[in-house]
Amino acid sequence: MTLSSQVKGGRLPWSGLLALSCAAFTAVLTELLPAGLLPAMAPPLGVAESRIGFLVTAYAAASFVAAVPLTAALRGLPRRPVLCGTLLAFAAADALVAVSSSYPLTVAARLLAGAAGGTLWAMLAGYAARMAPAERRGRAVAVVLAGITLALALGVPAGTALAEAVGWRAAFGTLAVAAVLLVGWVRLRVPGFPGEPPHARLPLARVAVRPGIRPVLSVTLFLLLGHQMMYTYIAPFAAHAGYGRTDVLLAVFGSATVAGVWLTGLLVDRKPRLTLLTALALVAAVLLVLGLGARVPWLPVGAMALWGVAFGGAPTLIQTALVGVSGPADADVATSLQTTVYNAGIAAGSLSGGLALDAAGAGALPWTALPPVLLALVTVAAGRRYAFPARRPAVAAGTNAPAGVAVTCPAGDHAVRRWADGTGQ
């Protein structure tokens, strides 16, 4: 059965979506694996463990810097070759890390991987949306972004265990081989969509000012700020509460995010606004409870479980809202903006949490993280018209049709219906 018939029949192209999910899994594992290998990687590269930690920083910095310009530069190229190119860049970067004995060369490889990551994250949600029928786009995005959750919950611990068993170089080499194999899967099962012709490309600034874009980006920033303020320093907070098993807390959180993604997949196409409001309210409630019960030893375990369920589905809900506002045709550009905001939130949240920890101690962390999460909740509540409607009847896109008129536009090998200028959302 062709992709077109699947879309018209309301079916999801599962094999292609799972390939994209594996791409997300590979990107997250590539980004975070050095964090679990600090003692093993430092001596061979002749640097302190803190310098190995900078390999994660280098990846995030390159992703932050490269996402928007690379996405803009590649908009006119066919989508599948660009996707395959990013995976081959991951393979080359991981292979370089596997064989490198030079710290500067390793940093350069991580910068390459980060640039590929910024390009990949800008593509995935839009690609999933173009592959799926309109009524199931949220579920398609949830399937793809589940790769992030699985990487955090299973991939990073498994990769660290593999590195301990066979060596860190073999672990990165395995990642490189997996990325190459994934290219074959993508070529076989992921449909090829054309790039945007010059006359059809909206300038970046016009995409950024489309109704609903800025509220979605603001929610991304506020949520990541609050999340990172607390999550980055969960170890000192747990010690402050009298619970010393950080590994258990992280395992509980990772497992709970899987449940959150599953629940979100069931609800995202039916009640996206209510589901996101509930998730953000639950995160805020968890932070409030942690702040009030900062000295209760058992409290962090239950809080991490609820936090994981709430946070696990949030990226899917926010990216689905962003695709709904931008439309599949401009989703790459909109998501590149979100990638930049996302990384800014991670960096600013980690920095702000560290400053709060130094200034006021671990007990202040929940109170520091709570205000930005509440701002995210208020932004979603206020965005009923464009950014976060109760239901989104069709997909926004920049077309020449009158506002509020549904038009049919080509999207690769099938047509999609769009709402002109974001109206009616």
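This is a predicted model: local features need pLDDT of at least 70, side-chain atom pairs count only at pLDDT 80 or more; totals for chains, interfaces and linings use all residues.
Q: Fine. How many cavities of 30 Å³ or more are there?
A: The count comes to two.

Q: What's the volume of the largest cavity?
A: About 60 Å³.

Q: And which residues line the largest cavity?
A: Its lining is made up of Thr 71, Arg 75, Arg 79, Arg 130, Glu 196, Pro 328, Ala 329 and Asp 332.

Q: Which helix gives the most to the lining of the second largest cavity?
A: That's α6, residues 103–131, with four residues. By class, this lining has three nonpolar, three charged and one polar.

Q: Switching to helix packing. How do α2 and α5 sit against each other?
A: α2 covers residues 14–32 and α5 covers residues 79–99; they pack at an angle of about 30 degrees, with axes 11 Å apart. Angles under 35 degrees count as roughly parallel, so that's the label for α2 and α5.

Q: Left-handed or right-handed crossing for α2 and α5?
A: Left-handed.

Q: Which residues meet there?
A: From α2 you have Leu 20, Ala 23, Ala 27 and Thr 30, and they meet Leu 83, Leu 87, Phe 90 and Asp 94 of α5. In that contact, six residues are nonpolar, one is polar and one is charged.

Q: Now α13 and α16, what are the angle and axis distance?
A: Helix α13 (residues 272–292) and helix α16 (residues 365–382) cross at roughly 160 degrees, and their axes come within 9 Å. Over 145 degrees counts as roughly antiparallel, so α13 is roughly antiparallel to α16.

Q: And the handedness of α13 passing α16, left or right?
A: The crossing is left-handed.

Q: Who's in the contact of α13 with α16?
A: On α13 the residues include Leu 276, Leu 280, Val 283, Leu 287 and Gly 291. Among those on α16 are Trp 367, Leu 370, Val 373, Leu 377 and Val 380.

Q: And by class, how does the contact of α13 with α16 divide?
A: 20 nonpolar, one polar and one charged.

Definitions and conventions
Residues are numbered from 1 along each chain as its sequence is written. Side-chain values use heavy atoms; hydrogens and water are left out. On a 1 Å grid over the protein atoms alone, a cavity is a set of points where a 1.4 Å probe fits but cannot get out, and a pocket is an open set with protein on both sides within 12 Å along at least five of seven lines; lining residues have an atom within 4 Å of a point. Grid points are joined across faces, edges and corners, and a volume is the space filled by probe spheres set on the points. Helices (H or I, at least four residues) and strands (E, at least two) are DSSP runs, numbered from the N terminus. Ala, Val, Leu, Ile, Met, Phe, Trp, Tyr, Cys and Pro count as nonpolar, Asp, Glu, Lys and Arg as charged, and the others, Gly among them, as polar. Axes are lines fitted to C-alpha atoms, for helices over the stretch in contact, and angles run from 0 to 180 degrees between N-to-C directions. Angles under 35 degrees count as roughly parallel, over 145 as roughly antiparallel, 65 to 115 as roughly perpendicular and the rest as oblique. A crossing is left-handed if the near helix is turned anticlockwise from the far one by less than a right angle, and right-handed if clockwise. Contact means heavy atoms within 4.5 Å.
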